[in-house]
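Welcome! Take a look at the protein below, and then we will walk through a few of its features together.

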Amino acid sequence: MIRGTVEALDLVQLLQLIHESGGTGDLRVWNGESRNALYFSEGNILLYSESGESVAPKDFEERLYDILFQERGSYFYRSRKALNFESEPKALDTPTILVEASRRKDEMERIYRILPSEKAILLPARRDADAVVRASLDKIGVKARLKFGKLSVEEMCEKAGKRFEVLRELSTFCEEAVLKPLPVKQIESQIATRLNGKPRRSAFRLYEWMHEVTELAQKAQSFDHVLLRKKWLSVGGFECRAPGPRGLHLLSRLLRYKEDFELTARGNDSAICVAVSGNLLHLYFRGEFEFKGVLERIREQGILSGAQLANAAEIADDFGCQTEDLLVDRGFIEANVWLKLRLEQFLDICFSIFTWRNPLLKIRSKQEESERFLKDSEAKSLILPIDTTLRQQLRLGLMRWKLFRQVVPSMDAIFKCAHPTPKGQPRRAHDHLDGRRRVSDLLAMSRATGQELLQFIYRALKDKRLRPLTLEEHSDLFEKAKSEKRPAEILASYESALAFGYNEFKEDESVRNEVENAKLEEGKLSGVVSVLEGRLKHFNLAALIQLLLRSGYDGTLRVTQLEQGERILHIVNGGLYVLFSPERRSESLAPNEFLTESTEDLLITLRRAFDDESPERLDEFKKTVQEELLEAMFWEDATFEFARNYIPSEFFAKKNENRKVRLQEERLLFEAMKRMAEWDELREILRSTRAIFEFVSADAKLQAYKIYGEFVYFIDGRRSLRDLVKVAGIPRLTLYRNLHSMIEEGIITLKTVLPARELKSSTERIPWDLSV
């Protein structure tokens with residue numbers, strides 16, 4: 001099983017992993033309303049359509065490339081022993097498809113640099129443009145008449161039926177100034193024209209485009225009062241990417257119009273759906289949210305005493321319900337107080353949209369997404385009775401973003417403490433704004449809600465406890481990050497400078513080139529932690545590490561096994577590293593450590609040697625770590641999590657208490673592959689981890705002790721191979737080799753194989769510790 005997002009590992013890379021591992025199973029891919037399924041047999045893609053329609057191999061491949069090159073989306077791959085079809089589907093030439101996909105992937109990156117949005121409408125930029133474009137499209141077999149100035153790039157691709165080829169040609173013509181985007185004034189007039197004509201739905205395409213282009217976003221607001229009304233939303237609504245504050249503004253506008261609506265916002269792994277139907281307001285949310293419950297707010301605000309809350313809890317136990325559900329009915333608090341607390345909770349959750357970089361917003365006049373949330377077992381809900389007064393209160397609460405935006409222009413903004421706390425005194429909250437961390441970094445570190453954090457920064461700026469970085473400080477931060485080759489900090493300083501309006505950064509060509517290089521290293525969504533997770537039962541850990549190194553992604557890989565613990569590796573600039581501390585592990589560093597207890601003892605012994613930078617001792621430590629990693633390659637029922645773009649701050653620290661060691665990737669992976677081949681041979685002889693062995697005689701046991709040591713006494717005819725691995729105290733591969741030798745020598749024999757049983761999984765999501 002593998003679950004993740006395109007941002008964590010793109011689909012081309014995932015297909016390579018499935019192919020190289022010889023996987024059999026199905027892959028489900030979601031992107032908005034788009035749902036697709038692919039099937040694999042022994043690592044090869046199968047020509048199969050769920051709709052039952054007959055599809056030519058070439059057409060199927062083109063559809064496949066469209067799926068692979070989605071910029072966003074989620075997927076779930078499930079391994080199976082076998083696939084059951086009514087008729088055996090044909091296996092495609094998967095290696096050739098992967099080569100072509102890799103070539104197209106590079107080309108698509110160039111296309112998206114030139115065409116930032118497929119919703120753009122293009123116009124001829126010179127007189128002969130129509131003839132030039134027509135001749136070029138004829139060469140690639142596009143016979144459809146593409147109307148420039150009328151159809152968006154997306155619509156032209158749909159009409160032509162050859163998305164990749166059309167995108168490539170159009171981007172080339174834009175680069176050569178044969179075509180140009182529709183000017184702003186013409187966008188406005190076309191929206192008005194399309195609303196009065198047909199199809200009216202096309203007016204929303206222009207509206208969506210305006211949201212997705214920074215220079216046009218301000219203009220989009222001028223159409224809110226028309227396009228957000230039920231009269232036009234009923235045409236079909238719209239879906240677009242937009243900054244988080246814009247999402248709150250749209251929600252506030254919809255509440256103002258006193259009509260039914262539904263707004264869904266998706267960011268990273270979280271989603272929010274707000275729906276008004278009649279006199280009820282529904283809020284559904286899924287993912288990680290920081291918000292306070294009703295009881296917590298009651299305690300904080302002193303609405304009830306501890307004794308009253310304890311009494312309410314006892315009554316709730318008797319009735320088998322939640323304490324907060326009976327507070328009003330039993331007279332503990334008044335209905336208007338309860339409603340106020342729920343309203344605060346609602347605003348806290350909705351305000352998360354402000355903190356998301358570019359959430360996907362979907363707005364409709366009727367309930368569609370809310371019905372899906374109702375069926376989602378992971379989603380939580382909140383329902384409030386709504387009237388004119390409550391609508392107004394919600395609007396005012398949501399419109400706080402305007403107040404915060406006056407001083408916090410973006411979640412990328414960097415602030416600095418104006419008066420740091422002197423050394424030796426307890427640090428205060430504003431000390432954490434140290435001129436390096438963005439507001440988004442602070443939100444990831446803290447347990448505060450987005451609204452609370454922004455309110456704190458707003459007040460601290462008003463009180464002059466904080467101040468924004470100056471242009472010179474941004475420049476210094478940028479140059480330092482560049483000299484130390486830290487792409488994440490290069491982007492952070494650049495984005496912060498633009499947030500504060502320092503356009504000198506944007507106009508400097510050398511700065512832009514440096515930023516483009518940093519973006520290539522950090523990925524299209526730099527700074528966003530995207531997690532890929534799954535089980536290694538059907539995959540090779542060495543192959544996964546090799547794929548991640550080859551992909552050029554930076555991030556942190558955590559491998560976990562229920563009985564064995566975890567191993568943590570960091571991939572930075574194509575290198576494989578282990579982060580360790582020469583001190584014994586502490587709670588604050590535990591989430592970022594790789595080492596087992598036995599290796600910690602070695603570190604304490606070698607601490608002085610490390611301080612003296614002894615290469616011999618460092619090499620000895622590296623060998624120990626690599627052996628531990630090779631042992632982890634054979635963990636059974638292990639799970640993994642890869643957090644792209646997350647490298648803990650300790651990795652970059654230069655203090656003596658934090659160290660990093662680069663492993664020899666090629667030698668490590670070669671040795672792993674060699675051992676895996678031997679491992680497969682041994683497993684054929686040993687049958688199963690549920691196998692139980694016994695000695696053929698007491699003399700044979702004595703003979704084995706002389707040759708193999710004390711571990712042979714654990715072979716008692718009761719312990720399975722899995723149990724022997726736990727208690728033997730020797731590496732798993734060594735144990736397997738010894739057992740194999742004893743079978744060949746006739747010392748032990750297979751007694752029985754226990755029936756399969758369900759093992760407790762260790763795949764529960766472990767939140768990444770982003771504290772510094």
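This is a predicted model: local features need pLDDT of at least 70, side-chain atom pairs count only at pLDDT 80 or more; totals for chains, interfaces and linings use all residues.

**A strand and its partners**

**Strand S12 and S14**
- Strand S12 covers residues 280–286, while strand S14 covers residues 380–385.
- The two strands run antiparallel, and six bridges join them.

**Strand S12 and S11**
- On another side of the story is strand S11, made of residues 270–277.
- Seven bridges join S11 to S12, and this pair also runs antiparallel.
- Ala271 stands opposite Arg286 in S12.
- S11 and S12 form a hairpin with two residues between the strands.
- In this hairpin, Gly278 takes a positive phi near 65°.

**Buried or exposed?**
- Five of the seven residues of S12 are buried, so the strand is largely enclosed by the rest of the structure.

**How confident is the model?**
- Across the protein, the average pLDDT is 79, and 87% of the residues score at least 70.
- Among the elements, S12 has the highest mean pLDDT, at 91.
- The lowest mean pLDDT among the elements, 38, belongs to helix H27, which spans residues 597–611.

Conventions
Residues are numbered from 1 along each chain as its sequence is written. Side-chain values use heavy atoms; hydrogens and water are left out. pLDDT is the predictor's confidence in each residue, from 0 to 100. Helices (H or I, at least four residues) and strands (E, at least two) are DSSP runs, numbered from the N terminus. Buried means under 20% relative accessible area, exposed over 50%, partly exposed in between (1.4 Å probe, protein chains only). Two strands pair if DSSP finds at least two bridges between them.
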